[in-house]
Amino acid sequence: MIQDIAPLHLNNQYGSRQPAPSDCIFSFRENAVCVRKQCFEGAEGMPAGHGQKDLPGQSIFPTFAGVRDWCAARGRTMPAALFLFEIGTTSYFLADLPEEFAETDIAAGVQPTGSAESRAESGTDIAAPTGSAESRAESGTDIAAGVQPSGSAESRAGTGTDIAAGVQPTGSAESRAESGTDIASGAHTDRAGCDREISYTYVRMSDVRRMRAKAQVLAAATAWHLYVWYRDNRFCGRCGGRLVHSETMRMLSCPSCGNQIFPKIAPAVIVGVTDKERILMTKYANREYKRYALIAGFTEIGETAEETVRREVYEEVGLRVKHIRYYKSQPWGFDSNLLLGYFCELDDMHEIRLDTEELATAEWVHYSEITDDEEGLSLTREMMTVFRDGFKNGKEP
């Protein structure tokens with residue numbers, strides 16, 4: 001599944017830190033993410049944004065060094081970089097990159113939404129400062145820079161990580177050229193030895209699922225989850241005051257009334273309803289995703305996950321179930337979910353009564369007809385193949 005990235009591990013412990021040159025930057029426009037164009041264009045004969053091809057040693061997403069060098073070569077201010085999480089030795093940050101940094105991917109249907117000023121006014125500019133310049137200086141967290149300075153200016157310059165300048169060379173010109181971060185040229189040379197400038201574009205988040213590197217899919221989904229939370233929580237829902245970032249935990253607080261807002265995580269169940277050698281498969285109504293799925297739904301106020309299973313099955317297909325048993329969970333940042341997988345058995349045979357508002361179809365499928373899970377990302381697809389393989393091995397799930 002999406003979280004199965006061993007030996008790597010996603011470390012989501014919050015902290016205030018500076019980006020290293022090779023760390024990755026996430027930038028979003030509407031429902032799309034900024035990616036390296038060469039990684040998607042022409043992959044397996046598909047147009048940009050509809051597949052990914054391997055470029056060994058290269059990051060799919062912009063690196064801090066690449067953004068820093070691009071800004072320096074054009075006299076632009078380095079945008080804020082907000083720490084999100086790390087996977088392995090790479091840290092991931094959120095930033096609102098300049099519109100000119102990446103071209104618009106027409107296939108994705110993504111257009112930049114107004115100027116930086118209009119985005120700030122509408123509350124969607126992640127790089128917008130919080131509080132006055134004086135308060136940021138006093139707290140040592142200059143949001144305009146997006147990072148917490150550590151040590152003296154001299155020590156930061158010595159390590160090549162002075163974000164305020166954004167253009168501090170590291171090492172000799174030769175070593176910078178080898179690593180692809182020669183600021184003087186303004187181009188970012190890739191490690192494979194290609195001298196052309198790397199270009200970026202925005203692709204739909206739904207196309208991110210097709211990336212081959214599962215750790216990158218997990219990173220993009222988790223970054224999107226956090227981006228949506230930050231985007232949708234700019235002002236206090238209690239008093240209307242401007243929210244500020246906590247420096248000790250992943251939390252937004254209101255200086256006026258003390259209200260605290262934590263990331264939104266919506267629990268939902270995925271249900272494998274079985275009847276001997278058959279499993280109930282469905283297709284969603286009025287959604288972009290057209291493949292077979294399982295019964296699914298959100299846990300409501302005041303109910304357990306097991307009660308959600310019973311309710312959702314009855315609401316969507318009019319069937320009663322028994323022997324509900326937990327299978328596995330997974331984070332699904334694409335929709336801000338924590339998914340809980342359950343298997344259960346049909347209690348008594350009744351005709352399927354379809355909720356056409358939710359589902360386009362629901363049908364019983366014999367285990368021998370279930371195809372392989374080529375994507376290897378979703379809990380839904382894993383549960384289908386687990387059901388199939390259980391019968392092939394003489395053991396029900």
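Analyst: The answer below begins with the chain as a whole, turns to one strand and its sheet, and ends with cysteines and an arginine. The model is predicted, so that local features need pLDDT of at least 70 and side-chain atom pairs count only at pLDDT 80 or more, while totals for chains, interfaces and linings use all residues. Residues are numbered from 1 along each chain as its sequence is written, and side-chain values use heavy atoms, with hydrogens and water left out.

The protein chain comprises ten helices and 16 strands, these being DSSP runs numbered from the N terminus (helices are H or I with at least four residues, strands are E with at least two). Of its 397 residues, 50% are buried, a term that means under 20% relative accessible area, with exposed set at over 50% and partly exposed in between (1.4 Å probe, protein chains only). Among contacts between residues at least 6 apart in sequence, 66% join residues at least 24 apart, where contact means heavy atoms within 4.5 Å.

Strand β6 (residues 90-94) has four of its five residues buried, so the rest of the structure largely encloses it. The strand belongs to an open sheet of four strands, ordered β1-β5-β6-β2 with mixed pairing, and two strands pair here if DSSP finds at least two bridges between them. At the edges of this sheet stand β1 (10-11) and β2, each with a single partner strand, so one side of each has no neighbour in the sheet.

On one flank, β6 runs parallel to strand β2 (residues 24-26), to which three bridges join it, and within this pairing Ile 25 stands opposite Phe 93 of β6. On the other, strand β5 (residues 82-87) pairs with β6 in the antiparallel sense over five bridges; in this arrangement Phe 85 stands opposite Tyr 92, and the bridge partner of Glu 86 is Ser 91. The two strands β5 and β6 form a hairpin with two residues between them, and Gly 88, which lies in the turn, has a positive phi of about 65°.

Elsewhere in the chain, the structure holds zero disulfides, a disulfide being a pair of cysteine sulfur atoms within 2.5 Å. Cys 236 is accordingly in none, and the nearest cysteine sulfur, belonging to Cys 257, is 3.6 Å away; Cys 236 counts as buried because its relative accessibility is 6%. Cys 254 is likewise in no disulfide, with the sulfur of Cys 239 as its nearest cysteine sulfur at 3.4 Å, and Cys 254 counts as buried because its relative accessibility is 3%.

Finally, Arg 311 lies in helix α9 (residues 305-317). When residues up to four places away in sequence are not counted, Arg 311 touches Phe 298, Glu 300 and Glu 303. With Glu 303 the side chain of Arg 311 also makes a polar contact of 2.7 Å, a polar contact being a pair of N or O atoms within 3.5 Å of which, within protein, one must be able to donate a hydrogen and the other to accept it, and residues adjacent in sequence count only if both atoms are side-chain atoms.
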